[in-house]
Each structure stands twice: as C-alpha cells, then as structure tokens.
Amino acid sequence: MFEIRKSADRGHAHHGWLESQHTFSFAGYHDPDYMGFRALRVINEDRVAPGKGFDAHSHRDMEILSYVLDGALEHHDSMGNGSVIRPGELQLMRAGTGVTHSEYNHSSVDPVHFLQIWILPDREGLEPGYDQRAFAESERRGTFRLIASPDGVDGSVRVSQDVRLHATLLEPGETIRQPLDPDRFGWLQVARGALDVSGGPALSAGDGLAIAQASALELTASVPTEALLFDLG
C-alpha cells in the first residue's frame, strides 16, 4: 500500500535567508493529517543563504539528523562539538536531556541545501550525544546503503529508535529493488531526481511515499536521483 505526499503540498516557509519546505507539521505550519509518520516526526528540506544560518537554540528528547545535498553546513553545540557537514555525510545530534546548538552555511558564497530530519527517540532523558559519518558515492550508487540504525551495524550512525535509514544514488534507467518486512512501515523521500515505483506512483524531487504491507520496493530512476528510505517499526 502506497500513499504519496506531493512536494507541492508540503508546508513552506521563506525567511529571506532560509527557504524551507516541511513534509510534516513544523513551527508555524500545521496539518493534522501530517503530524509525522510512525517515529519519523520531521523532514524539512532547507536551503540556507551564504553566511547565514540558525542561531544558537535548544532541543531535548529528539534524534536530529542532517543530510547535506549541496554545499557545507557548519555545526556548533553545547557539548563542545564543532564540525562541517558536506554532501554524502550524515550528522546525528541526540538532544536527550537538552542541547544548545547552531547550524550555519559554512560558505560566504554558495548556498547550502540539506534535509533536516527529526526522529522521536525510544525513551526520554537520554544522555546527549553527537556523531557524524561520511558515506562515499560508491557505497550508495545503485544500492540502498544503510546510514543509520539502532545497532550501528555496517558503520551506520546509531539512533535510539527502531528505525533504519538507507540512502541511494541512481542513474537514469537504473532499477533497484529493496526487500521489505510487510509487518513494518516505510517512508521514501526523493531528495532530487525522479523515480517510477513498481506498482505505485511516479515520484519527483521533494515527494514522499508512505509504504505499508509491502514485501519489496522496486524503483526505476528516470533522471539522476538521490533518495532516502526509512524502515520504521
């Protein structure tokens, strides 16, 4: 069973320095039909102007992932971490009992384009934490590369929830098939490009697809495509 969330139907915020599209309800955008999907609470597609960014602010009890598509994102937090996240890298900030952080465009010339993802943790009051991993193009090309999981297997980032996140890069005409557990749920997010879903709809950049009671997912790219697949309990 598939249910599409079209890119054009997402919430939209424009703050001059920030252009953001919200797959699920976020900040001033509220849609009671899209409050999240299973433990997946937020997917924001953010574009931040050169030299601009999110000033220091606080979070708690949330697993926050950043996946950069273009440019570079500069991170600082109250745990003492300072880093730059680039395309192909996944950052995890475990807010736990509370973290203050800032995220800025590392460049004074080029914009940064990234996906901000929030996952509800399996319990509250966790110790805050940070991780950042790079996944080479060769690891993601033509396959679903596991990049986040509850057990950190295969070099993936460890998240405190029954969620497995995969990333893929596909060339035009390339087909990929991923087995699924029909008792679990999936969410496919097209970061860029376009996909045909076997037995389902055609998807474009920014589209999301809720998946239930499916034993496999077969995708064919019509143009160069980057996508994320969430396997959710």
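Seven strands, β2 (11-14), β3 (18-22), β4 (40-48), β5 (53-59), β6 (63-70), β10 (99-105) and β11 (112-119), each hand at least two residues to the lining of the largest pocket. Strands here are DSSP runs of E with at least two residues, helices are runs of H or I with at least four, and both are numbered from the N terminus. The model is a predicted one, so local features need pLDDT of at least 70 and side-chain atom pairs count only at pLDDT 80 or more, while totals for chains, interfaces and linings use all residues. Residue numbers start from 1 along each chain as its sequence is written, and side-chain values rest on heavy atoms, with hydrogens and water left out.

The largest pocket holds about 280 Å³ of space. It is lined by 23 residues, and those closest to its centre are Phe 26, Asn 44, Asp 46, Phe 54 and Gln 116. A pocket, on a 1 Å grid over the protein atoms alone, is an open set of points with protein on both sides within 12 Å along at least five of seven lines; a cavity is a set where a 1.4 Å probe fits but cannot get out, and lining residues have an atom within 4 Å of a point. Volumes are the space filled by probe spheres set on the points, with grid points joined across faces, edges and corners. The lining of this pocket splits into nine nonpolar, twelve polar and two charged residues. In this scheme Ala, Val, Leu, Ile, Met, Phe, Trp, Tyr, Cys and Pro are nonpolar, Asp, Glu, Lys and Arg are charged, and the others, Gly among them, are polar.

Next comes the second largest pocket, at about 220 Å³. Its lining has 15 residues, with Glu 137, Arg 141, Leu 169, Arg 192 and Glu 226 closest to the centre. Two or more lining residues each come from β6, α1 (137-140), β15 (163-170) and β22 (225-232). Sorted by class, this lining has seven nonpolar, two polar and six charged residues.

The largest cavity has a volume of about 50 Å³, and its lining includes Leu 180, Arg 184, Phe 185 and Asp 231. Both β17 (185-192) and β20 (208-212) supply at least two residues of that lining, which has five nonpolar, two polar and three charged members.

Turning to the strands, four of them form an open sheet in the order β5-β10-β7-β8, with antiparallel pairing. β5 and β8 (82-85) sit at the edges with a single partner strand each, so one side of each has no neighbour in the sheet. Strands count as paired if DSSP finds at least two bridges between them; β5 and β10 are joined by five.

Five aromatic pairs turn up in the structure. Phe 24 and Trp 187 have ring centres 5.1 Å apart and planes at 55°, so this pair is tilted. Rings of Phe, Tyr and Trp (its six-membered ring) pair if their centres lie within 6.5 Å, with planes under 30 degrees apart called stacked, over 60 edge-to-face and the rest tilted. Phe 24 lies in the loop between β3 and β4, and Trp 187 in strand β17, 163 residues apart. The rings of Phe 37 and Trp 187 are also tilted, with centres 5.4 Å apart and planes at 50°. Trp 187 is buried at 2% relative accessibility, and Phe 37 is buried at 16% (buried is under 20% relative accessible area, exposed over 50%, partly exposed in between, with a 1.4 Å probe and protein chains only). Ring pairs tie Phe 24, Phe 37, Phe 185 and Trp 187 into a cluster.
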